[in-house]
Structures are given as C-alpha cells and as structure tokens.
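Hi there,

Here is the structure I promised to pass on. Have a look at it first, and my notes follow below.

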Amino acid sequence: MNKLNDVLEKLNTAQVNASWIFNTNITNYNEEQLLKETSKYNKEQKAIWQEIQKFSNYKQYQDPALRRQLEKLSVLGIAALDSNESQKFINISTEMERIYSSASVCLPRNGSLKCGLELEPDLSNIMATSRDYNLLRETWLRWRDSAGRPIRNLYLEYIRLGNKAAIKNGFKTLDDLWLFPWETPDFKQQIEQLWQEVMPYYQKFHAYVRMKLRKFYGAERMPNDGTIPAHILGNMWAQSWTNIFDVVAPYPGKKSLDVSETMRAQNYTALRMVQLSDKFFTDLGLIPMPGPFWRESMINKPTDRKVVCHASAWDFYNRKDFRIKMCTNVNMEDLITVHHEMGHIQYYLQYKNQPVTFREGANPGFHEAIGDLLALSVSTPKHLSKINLLSDYEEDHELTLNHQMQMALQKVSFLPFGYLMDAWRWDLFSGKASKNEMNRHWWMYRLKLQGVSPPVKRNETDFDAGAKFHVPASVEYIRYFVSFIIQFQFHKSLCDIAQPNVPLHQCDIDGNQEAGQRLAKALALGSSQEWPKTMEMMTGSRNMSAKPLIEYFNPLWKYIDEQIKNENVGWNFNVNQYMENN
Ligand SMILES: O=C(CCC(O)(O)[C@H](Cc1ccccc1)NC(=O)c1ccccc1)N[C@@H](Cc1c[nH]c2ccccc12)C(=O)O
Ligand SMILES: [Zn+2]
C-alpha cells in the first residue's frame, strides 16, 4: 500500500503544480498545460481504480485503515467518464473558472465610463463602502452581466456530464457523488434540522437589519414584501454583512470594532497579517509555517498578470510544500480570511504524514472551521486591544453589544446563504428543479431562506448563481454552513479548557497549550476515522449542534428583541414579482 501511496503523492503533486501555475498566471498556454495535466491525472487515476477493483473483496480486510483507504479509493469521481467526455468536462470546468476570474466591468464614474474594473479589489470595495443606492445597483447588475450570464450554457453541459459521471460511480445523480465524502446517510436531513433550529434567530436578525436599512435609505427604497434588496448589504452576494456595521451598530459613537482603519494607520501589510496569524497558531503550540510557505505563497495581487484572486490554500502532497494564494487587502475582513486560509494550512501540516487518501478534513466542514475557530478568539475586543488594534479598551455593555453585532453580521447573516448555495445545486443535479428555471429557482431560495430580493427584475438568460466563485469553480458550499455551526461547538469545547469562567462570546483561547493540544490531536487524524468520532474527541458529542452558536449570541438576542418590538418579523415572497416572464 505504501507503494501506492508514493504513486498517489507524485500524481497529486504534478496535478497541483499545473493548477498552481494556471491560478497564479492565467494565460492560454498555462490553461492548455493544465488541461493536458488534468486529463493525464484522470487517466492515471482510472488505471489505479481498475487495479483496485481486483481487491474488490476489500470489505473482508481485517485492517480497518486499509479497508477505509480502499473504500475511499473505490469512488473514482469525474475521472470515471470515458476519455472524450471527461475531456469535455475538464474543458468546461476550466473555461467557467477562467471566465469568472477574468471578468471585468465598466461603471459610470463622475461623468465618464470607467472600464476594466475587477471584482478584487474594485467592485468588492464599492459594495463594501459605497452608500449610493444607484451605484450599488449598477455594480451589482454589471457584475452579474459579465460573470454570471456567460456561464449559463456551460453550466447546463456541466450538469449533464456530471450526472453521467455520478451514474458511472454507482450514484443516481451528481449531488449523491458530492455528498459521498460526508459518509452521512441522513446528511440533508441533519442540515435541514440545523437550519430549522437557527431560522427564528436569523429572521429576528434580518428584521433588525431591515429596520436600520429602512431608516438609512428611506422606506421608499425598501420592497413592501419585507425582503431586503441584495445590493445594500455590503457584499456582492449579500452573504456576509460586516461592511454595513456603521449603519446597524447599536452604539455607533462607541469605538468601532472594525479595525481596518487602525491596520492601515499602522502600515499593516499582507505579510504582517500572515505573520500575526502564524503567531496565534504557534502560541497555541501548533506547527509554524515552513520555509516553502513563506517563499512560494502568493499573498498580494500581482500587477503584471491575471490570477485567480479568490483565496485558497494549497497542499503539494510532498509533505514539505504548502502555500496560500490570496489577493489580500489590508482590512479586517481579509484579516479574518487570512486566518481562514492559515487554518487550512495548519490542517495540512498536522495530517501530512497520513496516507494520501486520509489527507483531508474529518469532513469538508472541519477543514473550513479551523481558521474561523481561531479567528473567534482573535476578534474579541480584549484580544484586539492586546495586539494593539484597539485603543483605550474597557469591557462594558455597549462595547459587548457592538462586538456581538459585528460577529452576527459575519456569522448569522451567512447561515441561509451557506445552505441555499448547495440546496439550489442539489435540486438542479437531482432534477428537482428544471433546467429552464435555474434563475427562478435561485431567487426562490434567496427569497425563501435569506429574505433577500434582486434590485432589478431577473430572467432566464441571467445566471446569478454563476456570479459566485464556487459555482463556476465547482466548489461545494454546504461545508461552510457546517463550519459556521461546528466552529462554535469547537470554540465552546476549547474555551471550557482555556477560560471556563468567561462568557463564550468573550473567550480568547490565545496561548493555551492544552487547548492547542486538544485541537492538534483531532487535526492530525485527517480523515482516517469517521467524522463523528473526531467530533466526539473535540466536543464530547458525536453530533452537530447549533446550541453553542445560539449561546454565543445570547446578549444580542435580548437586545434585538427589544429593538424590533414594532417590526413584523419575517417576509412574504412571491418570486413572480421579481422574474420577467420571458
Ligand atoms: O471561499 C471561501 C474561502 C476560500 C477557501 O479557503 O474556502 C478555498 C475555496 C476553494 C476551494 C477549492 C478550490 C479553490 C478555492 N478552499 C480551500 O482553499 C481549501 C483548502 C483545503 C481543503 C479544502 C478547501 N470562503 C467562503 C465563505 C466563508 C467561509 N469562512 C468565511 C469567513 C469570512 C467570510 C467568508 C467566509 C466565501 O468566500 O464565500
Ligand atoms: Zn476554506
């Protein structure tokens, strides 16, 4: 088996290298090279898979680790397609990613038209900082014209071929293939259950934010169905509302917890943000970033070439080379994302000596949760003042509520979005939603779960889901919904070790080696055992639970209940009023 392990390492290293070169320098030549390398990778994966079919009685194997590895290798994935269909699938996937990462728009700028504006940093900055309702709407619309629409027909092909691949792997449709790594037969039910648990809290939060936005923009700007227009929430996808903190803060006069200004004033650089995060990990007794990480990572957007700006963390499968790729802006949001990416790298470092098939998160949600877990400690006012990003700090009720609001704008607002991104894709793959109503289905979920509506009418030549990286990049999204739930379970468990008598929302595990060790032991296992066992190691329970998240925000729920006395919680929705019947 360790011979197979070496073969798998070399195979993955070659594929990741070609992918890195394309991602950090989008050219036709590099795209060609990546296509070649990926089809070679698929061919060799299929050869290994055929080899393993010979051990088809792997269920009888005594050694549980061996049996588990063979079980994981028994699902080939997309490579199960025959060569010309797998070539087509690879072409479509790479083409969608290139379209998204190269998209740019023109916007009216004081009288003239400014073109070549890109998502990072231009459009993201406008969505985050502008309070001009019309400029926000133009930016929102033109991004979808440039990045979403051109992907629609490619996506139809993607679904057709993806479903064929699913059947070749013995599944019904592509959503079953996507859910295989979760090893959880009632996974969709568990997710729906968690959503039901948090939905009432989200709806109250939505009512509060809607009330504040109505005061700010005027009632005539707000739809009468109780939804919030998608373009005034501070983010291109309305997925995280931290950038409208100034509009919704309980105590606006109080010190702002958005330390972006202070970071810029202190001449923070991307490198310094990464070093700050690395120090938090090592102070917990976790593994420091190795040499190649510092030498080879790309943490600034290059000025001389096109790159895939969306952040990611890379494992080169040689147990030495691990990198981050990120177009870092110096602000609070990106400080959180830096921690998110460093969490991925720490996981890589912890499980690097596992067999290749076990070099994954216990489940995909675990991998997304590690960096955010540590960021929960970093984001506390006490910690921010400890690292000199918050001056004249004194814990009081007003500061606590402002901090709670800041955290809810990132975590609570995200929950319906984290769910609907894959609820929509599962419905498309499984045929529950029809192919010629893809955009209507998208807005049905956006209205139903998120209470967010489009600022202009949509139609079926629009493809609004395609304007979010993870759709053209074929990256599963329910992992983030799971992460936003379990990161609070992990936080509670580590806080019970590090600061047992501190309220959960004020806990900072910084420097606690025992907490660090508890985490390291879980991470080192990779996916070598089923995730409920690793969940039990971390939290004492085998199940996901929304209780720690709800507990973390207890002070905020009280405040919001008072504030929304005269508000109708919730919204009604009729997707027809937002869709042009074409
Ligand atoms: O996409 C990301 C971060 C990018 C990533 O680190 O998750 C990256 C996505 C990706 C996957 C595959 C190919 C290319 C990019 N995932 C990884 O780098 C990764 C690393 C190891 C294992 C699995 C994925 N965050 C999500 C949502 C999110 C999660 N935590 C957050 C905190 C603050 C704000 C947003 C988020 C988003 O931006 O919508
Ligand atoms: Zn991630």
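Leu-174 counts as buried because its relative accessibility is 2% (buried means under 20% relative accessible area, exposed over 50% and partly exposed in between, with a 1.4 Å probe and protein chains only). This is a predicted model, in which local features need pLDDT of at least 70, side-chain atom pairs count only at pLDDT 80 or more, and totals for chains, interfaces and linings use all residues. Residues are numbered from 1 along each chain as its sequence is written, chains are lettered from A and ligands numbered from 1 in the order in which they are written, and side-chain values use heavy atoms, with hydrogens and water left out.

Leu-174 sits in helix α8 (residues 174–179); helices are DSSP runs of H or I with at least four residues, numbered from the N terminus. Leaving aside residues up to four places away in sequence, Leu-174 touches Tyr-158, Gly-162, Asn-163, Ala-166 and Phe-429 (contact means heavy atoms within 4.5 Å).

Now to the metal site. The zinc ion (ligand 2) has His-340 (NE2), His-344 (NE2) and Glu-368 (OE) as its protein donors, 1.9 to 2.1 Å away. Donors are N, O and S atoms within 2.8 Å of the metal (3.2 Å for Na, K and Ca), and sites may look incomplete because water is not among the atoms. Along the chain, the donors follow the spacing H-x3-H-x23-E. His-344 lies in helix α14 (residues 332–350) and Glu-368 in helix α15 (residues 364–378), so the pair ties together parts 24 residues apart in sequence. Both His-344 and Glu-368 are buried. As for α14, 17 of its 19 residues are buried.

Best wishes

Terms used:
Helix = DSSP H or I, 4+ residues; strand = E, 2+ residues; numbered from the N terminus.
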